[in-house]
Amino acid sequence: MNKFKKAINELNPYFNKKIDINLSPPQHYRMRCEFSYKNSSYVMFDKQKNYIYMDRFNVASRPIFNIQPILLNLINDNFLISKNLFQINFRSNNENKILITLIYRKKVNNEALHAIDMLSAELNITIYVRSKNFVYKTNNENFYELVDLGFQQIKIFQSDKTFFQPNLYLYPKMVNFLIENIVNCSDLLELYCGVGSFTIPLSYKFNNIFATENNRESISMLEKTIDVNLIKNINFSRLNAEEVIDVYKGKSFRRLKDIVLTDYNFSHILVDPPRSGLDDKVIDLLNRFENIIYISCNLDTYIRDIKKLTNYKIEKLSIFDQFVDTEHLEIVSILKKINLET
């Protein structure tokens with residue numbers, strides 16, 4: 001049984017309508033890739049933790065795929081750059097720009113940084129250099145994804161240390177699914193918002209949004225995105241999910257500044273948790289809301305959580321094959337509280 005049939009069968013008790021499956025091209029879809037660097041090669045690992053050596057990665061987006069062998073040769077030809085290098089990370093965006101991070105075991109000296117500057121200029125790419133307690137950027141160009149909402153294009157900023165949806169083809173479809181299917185909007189509370197990959201597009205759907213995220217770098221990128229796009233209806237705070245629960249219990253945080261949750265008229269809550277899903281305290285919080293937008297990257301924990309949300313019915317659900325030829329898939333769903341009086 002393939003993963004789609006498995007998912008449909010397991011979801012059927014909770015959503016028995018036809019489920020759309022959004023497929024991705026099998027190659028050149030991935031906008032984020034991370035590799036070890038060993039024996040003058042990019043290195044990944046199989047399920048048995050064996051080394052897989054390569055000079056390019058077919059799954060990587062076309063800009064990353066094209067530059068990989070060129071970059072590798074230039075690194076291997078320059079001892080100043082390759083010395084103590086142990087990891088090479090790539091990001092691309094839908095404007096075909098590339099951000100590369102070189103991670104070193106020891107702090108890189110000025111001579112090596114000059115060589116990396118020359119490499120950055122030669123390839124016309126941005127390079128971040130990282131080692132313990134050290135970061136260097138070859139330029140200050142901001143890295144962003146350009147999202148087309150039809151009526152407006154918006155820039156969503158990211159850095160090499162933030163999460164962003166990895167599939168070039170499916171991220172826009174996920175955004176469109178939400179925009180087309182979310183109804184009866186007032187205000188939105190969002191947990192695990194990251195850099196705002198859903199927050200920003202949905203700001204044109206809701207009256208107001210309060211977005212929360214625990215990662216400092218993500219919050220910094222979200223703030224930049226809000227400022228650059230002149231968005232006025234998003235407030236945010238660096239809070240994890242448990243701290244949001246504490247706020248509802250009456251606890252105050254300096255990070256909230258002058259934000260008061262009772263000033264909002266929340267019609268929806270959006271959760272996009274890690275693979276571990278939602279804990280029981282977050283489930284209890286969700287029960288306060290009429291509508292839940294639940295984005296999941298793990299079918300098992302999604303179904304586990306849905307079983308606990310006994311007062312809700314899944315209104316809309318779609319599957320997105322983010323990682324082709326793997327067991328993983330993404331579920332985007334909208335749940336509505338059941339009116340027990342009818």
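This is a predicted model: local features need pLDDT of at least 70, side-chain atom pairs count only at pLDDT 80 or more; totals for chains, interfaces and linings use all residues.
View 1. Take Cys33: the nearest cysteine sulfur belongs to Cys297 and is 17 Å away, so no disulfide forms here, since the two sulfurs would have to be within 2.5 Å. Cys33 is also buried, because its relative accessibility of 3% is under 20%. Cys297 is in no disulfide either, and its nearest cysteine sulfur, that of Cys193, is 16 Å away. As a reminder, a disulfide is a covalent bond between the sulfur atoms of two cysteines.

**View 2. Tyr248 meets Phe289.** The structure has 16 aromatic pairs, and here is one to explore. How are the rings of Tyr248 and Phe289 arranged? Their planes stand at 80 degrees, with centres 6.4 Å apart, so the pair is edge-to-face. Tyr248 belongs to helix α8, while Phe289 lies in the loop between α9 and β15, 41 residues apart. Is Phe289 buried or exposed? Phe289 is buried, at 3% relative accessible area, whereas Tyr248 is partly exposed at 24%.

**View 3. Phe289 and a second ring, Phe266.** Phe289 also pairs with Phe266, this time in a tilted arrangement: the centres are 6.0 Å apart and the planes make an angle of 55 degrees. Phe266 sits in strand β14, 23 residues from Phe289, and is buried, with 16% relative accessible area. Both phenylalanines belong to one aromatic cluster, together with Phe210, Tyr248 and Tyr264.

**View 4. Charges over rings.** Look for Arg56 over the face of Phe65, 4.0 Å from the ring centre. Then find Lys224, whose charged end sits over the ring of Phe157 at 6.0 Å from its centre.

Methods: Residues are numbered from 1 along each chain as its sequence is written. Side-chain values use heavy atoms; hydrogens and water are left out. Buried means under 20% relative accessible area, exposed over 50%, partly exposed in between (1.4 Å probe, protein chains only). Rings of Phe, Tyr and Trp (its six-membered ring) pair if their centres lie within 6.5 Å; planes under 30 degrees apart count as stacked, over 60 as edge-to-face and the rest as tilted. Helices (H or I, at least four residues) and strands (E, at least two) are DSSP runs, numbered from the N terminus. A charge sits over a ring if NZ of Lys or CZ of Arg is within 6 Å of the ring centre and within 35 degrees of the ring normal.
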